[in-house]
There are 2 protein chains.
Amino acid sequence: MTSLSWSIVAPGVWRAIVGTPEALTPLAVSGATPRVEALAALGAADFPFAPDAIAAEVVSDKQVIRLPLAEEEELFGLGLQFMRVNQRGRTRYLRVNSDPKQDTGETHAPVPFYVSSRGYGVLVNTARIPTFYCGSTVRKDSAHPPVLRDRGTDPNWQATPTSDLVEVVVPAPGVEVYVFAGPSTLEAVRRYNLFCGGGTLPPRWGLGFWHRTMLTANADEVLAEARAYRERGYPCDVIGLEPGWHSKSYPCTYEWRADRYPDPAGFVQTLRDEGFRVNLWENPYVSPDARIYPALESSSGSHTVWGGLVPDYTQPEARAALMQQHEADHVAIGVSGYKLDECDGSELTGASWIFPPQTTFPSGVDGEQMRQVFGLLFQRMTADIFHQRDQRTYGLVRAGNAGSVSLPYVLYSDLYDHRQFVRALCNSGFSGLLWTPELRHGDTAEEWVRRMQVVCLSPMAMLNAWASGSKPWDFPEVEPIVRACIELRMRLQPYLYAAFARYAFDGTPPFRAMALEETLRPASTAPVSEVDLTIDAYGPSATSAIDDQFLVGDSLLVAPLFTGERSRSVWLPAGDWFDFHTGERFGGGGMISITGDLDKLPIFVRDGGIIPLMPALAHSPRAGESVPLEVRHYGNAPGRLELFDDDGETFAYERGSYQWRTLEVTRADTGYTGSISPVPDGWLSAYGEVSWQWWGKG
Amino acid sequence: MTSLSWSIVAPGVWRAIVGTPEALTPLAVSGATPRVEALAALGAADFPFAPDAIAAEVVSDKQVIRLPLAEEEELFGLGLQFMRVNQRGRTRYLRVNSDPKQDTGETHAPVPFYVSSRGYGVLVNTARIPTFYCGSTVRKDSAHPPVLRDRGTDPNWQATPTSDLVEVVVPAPGVEVYVFAGPSTLEAVRRYNLFCGGGTLPPRWGLGFWHRTMLTANADEVLAEARAYRERGYPCDVIGLEPGWHSKSYPCTYEWRADRYPDPAGFVQTLRDEGFRVNLWENPYVSPDARIYPALESSSGSHTVWGGLVPDYTQPEARAALMQQHEADHVAIGVSGYKLDECDGSELTGASWIFPPQTTFPSGVDGEQMRQVFGLLFQRMTADIFHQRDQRTYGLVRAGNAGSVSLPYVLYSDLYDHRQFVRALCNSGFSGLLWTPELRHGDTAEEWVRRMQVVCLSPMAMLNAWASGSKPWDFPEVEPIVRACIELRMRLQPYLYAAFARYAFDGTPPFRAMALEETLRPASTAPVSEVDLTIDAYGPSATSAIDDQFLVGDSLLVAPLFTGERSRSVWLPAGDWFDFHTGERFGGGGMISITGDLDKLPIFVRDGGIIPLMPALAHSPRAGESVPLEVRHYGNAPGRLELFDDDGETFAYERGSYQWRTLEVTRADTGYTGSISPVPDGWLSAYGEVSWQWWGKG
């Protein structure tokens, strides 16, 4: 064992080199530039371990890194985990995987970064498949061996004894390890996010409602489907086309199918004129019928997928061919972004729709590495097309890794368990990820509503009707409820946009778990529950964390009800909380039980919370347009919220063209006063008249 | 790519060396000696591929072996697979795994051997984790590229295009590859089994009924539980003790707990006198309270499990310490065998009850290798204790690998899906494995019966009541049915014993899938079924095989009904088949539909089948005892069965002390005549008077 040697690379960020790292890493692929000034604003911090506490050795050509772990620590993150929030005691095999139905750690976005409840973070920057043993192994030479218990007599016997170490195993000749200081868990995450370039800032339209049309829809059918939203007065900003828009798909040509879309430019322009952006589905596999096939043939891998080429995106000529074709055929005619499918296949499904690890690529990269960063490469390439045009995009992708933070993509999955979807939303904020618990279909009106409520409080509010052909109004008996969900989404846009701006500027995730903030999480509990051994021979896992409620921005706490539920428990942190819909006050600092009608998503507002709402427009305001604000203040504490004000569509904000508009509420004997900070002369603000509302007073 | 160079190592068996193989392999660990004479009796055969058809290359330090695959081929085997029979089109990751709930290939016994419907077998003899791409990958340079289909228009689009190759990836500096000739699939399996030493031959008592008592039972409780079988007149041969017999368990001492078992020798002898053998549960992890702990400390791995040592079984001193202690404390006082638990942990459960791959051992073996062959090492060590005493054993184990064939262990699992249990029984016969679909509990009387029926037609008929405390008579409303199941098990013992003897002498698996014999499997069908894309985005797998019926010996076809079923389809191969219970005739060569009453397990007998039955004794005959036989002949064809006749308990048969007793039925105009071949003077036969019964005639 050799202790690692650490050098500081940014305020509160240290790096150590183990062995000889490979060139291809997630951070390198993401192309992120650390936001050094924002990191500096978080302040200096001490290295969160003893200097020689982290050590490494090589076992059978693999790097094994060992980190200390205290008895009470909880560990969070490691990507888009569906099965649990607290990873303490678990082994996480971080392979990218499209079908993560077991609690192995595999997922669409297996980010090799975790944060501790003790307030630090660890990133292992590898494009290989690392395994994190999060206190799931015990060494014979441990200084803190677990208590021995006899299973035959001791009811406290546990399948996972308490371990004093994290082991990370990387099958590579070397690897970079980063440590992020806190001092809080949230600050460790913020440092990670800022080190990865800060969060992505979606265009405003990206925060509107999205609808994806059916696999084989043609232009007329898509237009009719879009116009139905307008006719019924439902907000909608984005129409997504699924595989059938390609002349051939699975593998893809990336060319419009002439019989379904005889005039692509006119089609996109018509939708644009009516307030819709167009998003195009694609996957990475290139059809022999594609015009760009010959240009890609020599810069592609040894294996095919569905008979299509696997481009080597690390090769400049492959990127150039794809980017030129995409820009000319899609972006130049007004397409707003992409849905990048099937960049995350795995052996788990057993099917062949991914290139295997033994694939060889012209760059010398092998299939194992390429798979781990394939989604990231795909995101980077398409994001670059838009960035070069000074145009923001927002889209969907099924795979990510470390460094996804600054890329304008939201993860989605073919899984559909609603509790897992909410848990993933909680977990996304630990790892610099965005996730949509997309609505595809509902077996009942109740399920339809419950899923719609959650997706409308997520990074992307989307109905994906690619196979179902569903519409929001499919269940007439709940149509008013569904309409209200989508309208609430639209009304919350200023609040959501402000939360995303913080993500970009100071690294605070817009959607996050209770466990991310020490003041918001309950003390750790480790009950050994009653268990039926005939069903689970090893008993329950000993630790847990809240996985069914989440924060949106700083002031909203969302506690969804799931299909079949009429009531639920909600953890309210200390202080007063107020029902978003009624202003009713709830005392915090413990678990409360709530009953929930179908028409209400339970949302609680923090005391002093300021929630700016805009009208439920048919679509988001365009650059240069302004909207009036209804600003709600909840409770009795003073409040403050920084609204972000820019054109909402370009990268002008990166060149300094933006304003923070401070919404502030003060309290005097005479009552509450709300104010908004002014803008400089000549600044065209996205926000017009402000009216104040006072909720939950007294 | 380099073509492999093959040398013949036994009749119909070839070996090629790729790179520099490691010393630790499953075949080496199993210690098996090929049965060269029996292999020779199968005849010479041609190498089943073109001489240079199989090639290898190194990709990122892994060995990649490529084998040709014809369009219509089906592939079977690869260990104890629970999810499918035909592995064609799937990627199989052959990691040992205690919790194989997804269709990845992982399993308790991931045997790296497959057989083809074209009649050959391939073994990759590695203790690393190989991945088999069974026609799930397609190379860009393929000579037979798949047909391209557009998913947007072609209903025949498939998630898995037809591939022309098998790729095997082994993360090792080298590996041995074996090819087994057929010409039939069954003959390829037989060659593999014989090359691995031939099948194990259980003692006769091993084929009786087994009962495992509760975790914390003491000697009096166990005796009471055993005697209840006698009082109620249920057959029972083996009583299993679960962890509580140890003075400490999880980790284990392997020493009797004095307050529960004050007189172990007397306890075992009392049971023996009443016709019961005792089987002891253990796992590999050694408690600090064990007397042998100091002797093992320096020959154990770097990590602990439940605070216990992980012995390095490859070290002679570790084996010697454990074997001496086990012999003195258990075997010498009459213990008949072991149940070897938890030698198969995995990252899948996420818990820590396995040593990780980065464990280092004094021998230089690492944790990854040790895990793959841990169950095999454990089997070999305990089997050797008994073999040295000229005493046959039969027990349970949760992990195996290639070379398990000759070891006296039956696999079991904590899984409990009944269809998967039956599928595993089908699959076990492709890979030289034995498997028990053990009965643990039933939610209803129907489930209780359906599970009991199947386990009584399996390699080990066992009620494992370790957590449930169940007894066979728990559901009074079905007690006569359950009793009849267990009695049938006992009555079938001569037939089962004959089937196991064939396994030992000519390699034919006693339990096997329809697909193992070309004459018994239906022609391959590859329908693209209707599928709900909202549930499964990639549609169904294209190929299938019969996975819910199996053969026992040569003449019995078992087609279980599952809980909730009142009828089912059964594939009957060509020829007449007869209901075992009634003699009713069914025409074969297609699917038939049967209705099933709860009291009958559907069993069909091949035309001409000879089924010798003995009385449903309380326990199996001891060495030197003989039983009368009721021999049933079914149908109209002549028949022949070789009964195996030995002492049933020792290895005397390996020294030539056995007889084949030929049961033969001939037909003349005057009717049917049955005969049994005589034994030499002085031979003490296990079989006495023979009475003949004629079923399904006319």
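**Aromatic rings and the chain contact**

Author: In this predicted model, ring pairs link A:W157 with B:Y250, B:W281, B:Y285, B:W306, B:Y313, B:F355, B:F361, B:F374 and B:F378 into a cluster.

Reader: How many aromatic pairs are there over all chains?
Author: The count is 106 aromatic pairs over all chains.

Reader: What about A:W205 and A:W210: why is that pair tilted?
Author: The ring centres of A:W205 and A:W210 are 6.3 Å apart and the planes stand at 40 degrees, so the pair is classed as tilted. An angle over 60 degrees would be needed for edge-to-face, and one under 30 degrees for stacked.

Reader: Are those two tryptophans, A:W205 and A:W210, buried or exposed?
Author: A:W205 and A:W210 are both buried.

Reader: And which geometry do A:Y261 and A:F267 have?
Author: Their planes meet at 70 degrees with the ring centres 5.1 Å apart, so A:Y261 and A:F267 form an edge-to-face pair. Both A:Y261 and A:F267 are buried.

Reader: Moving to charges over rings, what sits over the ring of B:F276?
Author: The charged end of B:R230 does, at 3.8 Å from the centre of the B:F276 ring. In chain B, B:R632 also lies over the face of B:F580, 4.8 Å from the ring centre.

Reader: Now the interface. How many residues does the contact take from chain B and from chain A?
Author: Chain B gives 79 residues and chain A gives 78 residues. The area buried between the two chains is about 6,500 Å², with 54% coming from carbon and sulfur atoms.

Reader: How many salt bridges are there between chain B and chain A?
Author: There are four salt bridges between chain B and chain A. One salt bridge joins A:E368 and B:K62, whose closest N and O atoms are 3.3 Å apart. Across the interface, 35 residue pairs are in polar contact, counting residues at pLDDT 80 or more.

Reader: Which strands of chain B each supply at least two residues of the side that touches chain A?
Author: Those strands are β5 (62-68), β7 (90-93), β11 (138-139), β12 (165-170) and β17 (303-304) of chain B.

Reader: Last topic: where is the place of A:R66 in chain A?
Author: A:R66 belongs to strand β5 (residues 62-68) of chain A. A:R66 has a relative accessible area of 6%, so A:R66 is buried. The side chain of A:R66 makes a polar contact of 2.8 Å with that of A:E57.

Reader: Leaving aside neighbours within four places in sequence, what is A:R66 in contact with?
Author: Its contacts include A:M1, A:I54, A:R139, A:E167 and, from chain B, B:H303.

How values were computed: Residues numbered from 1 in each chain as written. Chains lettered and ligands numbered in written order. Heavy atoms only, no water. Phe/Tyr/Trp six-rings, centres within 6.5 Å; stacked < 30°, edge-to-face > 60°. Buried < 20%, exposed > 50% of the residue type's maximum accessible area, 1.4 Å probe, protein only. Lys NZ or Arg CZ within 6 Å of the ring centre and 35° of its normal. Contact = heavy atoms within 4.5 Å. Buried area = accessible area lost by both parts, 1.4 Å probe. Salt bridge = Lys/Arg side-chain N within 4 Å of Asp/Glu carboxyl O. Polar contact = N/O pair within 3.5 Å; in protein donor to acceptor, adjacent residues only side chain to side chain. Helix = DSSP H or I, 4+ residues; strand = E, 2+ residues; numbered from the N terminus.
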